[in-house]
Amino acid sequence: MTTTEAYGARAQEYADLLGTIDAMAPQDRQCIESWALAVEGPILDAGCGPGHWTAHLAALGHEARGIDPVPEFVEIARRNHPGVGYDVGSFAELAGGSLRTAHAGSWGGILAWYSLIHLEPRELPDVLAQLRAALQPAGSLLLGFFDGRRQESFAHAVAPAWFWPAETMAQLLEDAGFDVVSRERREDPGARPHAALIAERR
């Protein structure tokens with residue numbers, strides 16, 4: 001079973017457990033809201049899942065749209081958040097401008113909040129390059145992921161996922177044509193270590 005299929009099979013369960021802003025850590029909410037305030041132009045929630053972050057940003061007055069490769073997630077997002085735009089789509093479609101909602105290089109900001117955690121390490125450089133191509137010049141990427149002392153996989157509840165040392169992820173972003181401008185790392189009780197990086201398209 002692919003990662004997309006695994007999430008599709010558990011989409012409603014995931015949405016019921018984690019598909020609201022109230023279920024998110026307050027620090028994450030502050031991080032995302034503060035980042036969005038500094039973004040100029042439309043924001044894409046890439047790997048939006050059940051769409052709660054997209055809808056939250058839209059409610060705050062941002063021009064926000066979500067994409068996700070899991071059709072079941074997009075269906076839930078559209079049902080729970082009418083009036084907010086969601087599409088089934090991949091990172092490759094985003095970079096190539098083949099989605100009907102925007103063309104390549106049109107986004108002021110991209111939120112990739114735990115949406116890259118299941119990628120194999122060999123896949124990540126190309127995906128980061130695709131995200132860069134989708135941004136406007138000087139556009140901003142906010143990336144959230146599991147921090148770790150080593151790059152290693154672990155048994156995530158839905159599909160295998162990866163820990164990434166924040167320093168390693170920052171270097172990958174630099175190699176992909178970004179300038180990392182902000183770094184956050186923390187460990188919350190009962191949760192895996194967290195990291196968030198803000199990077200601007202160079």
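What does the accessible surface of the protein chain come to, and what share of it belongs to carbon and sulfur atoms? The accessible surface is about 9500 Å², and carbon and sulfur atoms account for 50% of it. The legends below describe a predicted model.

**Figure 1. The whole protein chain.** The chain contains eight helices and nine strands. Along its principal axes, the C-alpha trace spans about 40 × 35 × 30 Å. The radius of gyration of the chain is 15 Å, which agrees with a compact globule, because a globule of 202 residues would have a value near 17 Å.

**Figure 2. Burial and contacts in the protein chain.** Of the 202 residues, 53% count as buried, where buried means under 20% relative accessible area. Consider the contacts between residues at least 6 apart in sequence: 63% of these join residues at least 24 apart.

**Figure 3. The largest pocket and its centre.** The volume of the largest pocket is about 1300 Å³. Its lining is made up of 47 residues, and those closest to the centre are Tyr-7, Tyr-14, Tyr-114, Ile-117 and His-156.

**Figure 4. Elements and residue classes around the largest pocket.** Two or more lining residues come from each of the following elements: helices H1 (3-9), H2 (11-18), H4 (52-59) and H6 (91-96), and strands E1 (43-46) and E2 (64-68). Helix H2 contributes the most to this lining, with four residues. Sorted by class, the lining of the largest pocket holds 26 nonpolar, eleven polar and ten charged residues.

**Figure 5. The second largest pocket and its centre.** This pocket has a volume of about 210 Å³. It is lined by 14 residues, and Ala-38, Val-39, Ala-138, Ser-140 and Glu-200 are the closest to its centre.

**Figure 6. Elements and residue classes around the second largest pocket.** Helix H3 (26-38) supplies at least two residues of the lining, as do strand E5 (135-146) and strand E9 (194-201). Strand E5 gives the most to the lining of this pocket, with five residues. By class, the lining of the second largest pocket divides into seven nonpolar, five polar and two charged residues.

Key:
Residues are numbered from 1 along each chain as its sequence is written. This is a predicted model: local features need pLDDT of at least 70, side-chain atom pairs count only at pLDDT 80 or more; totals for chains, interfaces and linings use all residues. Side-chain values use heavy atoms; hydrogens and water are left out. On a 1 Å grid over the protein atoms alone, a cavity is a set of points where a 1.4 Å probe fits but cannot get out, and a pocket is an open set with protein on both sides within 12 Å along at least five of seven lines; lining residues have an atom within 4 Å of a point. Grid points are joined across faces, edges and corners, and a volume is the space filled by probe spheres set on the points. Ala, Val, Leu, Ile, Met, Phe, Trp, Tyr, Cys and Pro count as nonpolar, Asp, Glu, Lys and Arg as charged, and the others, Gly among them, as polar. The radius of gyration is taken over C-alpha atoms; the globule rule is 2.2 Å times the number of residues to the power 0.38. Buried means under 20% relative accessible area, exposed over 50%, partly exposed in between (1.4 Å probe, protein chains only). Contact means heavy atoms within 4.5 Å. Accessible areas come from the Shrake-Rupley method with a 1.4 Å probe; for residues, only the protein chains shown count as cover.
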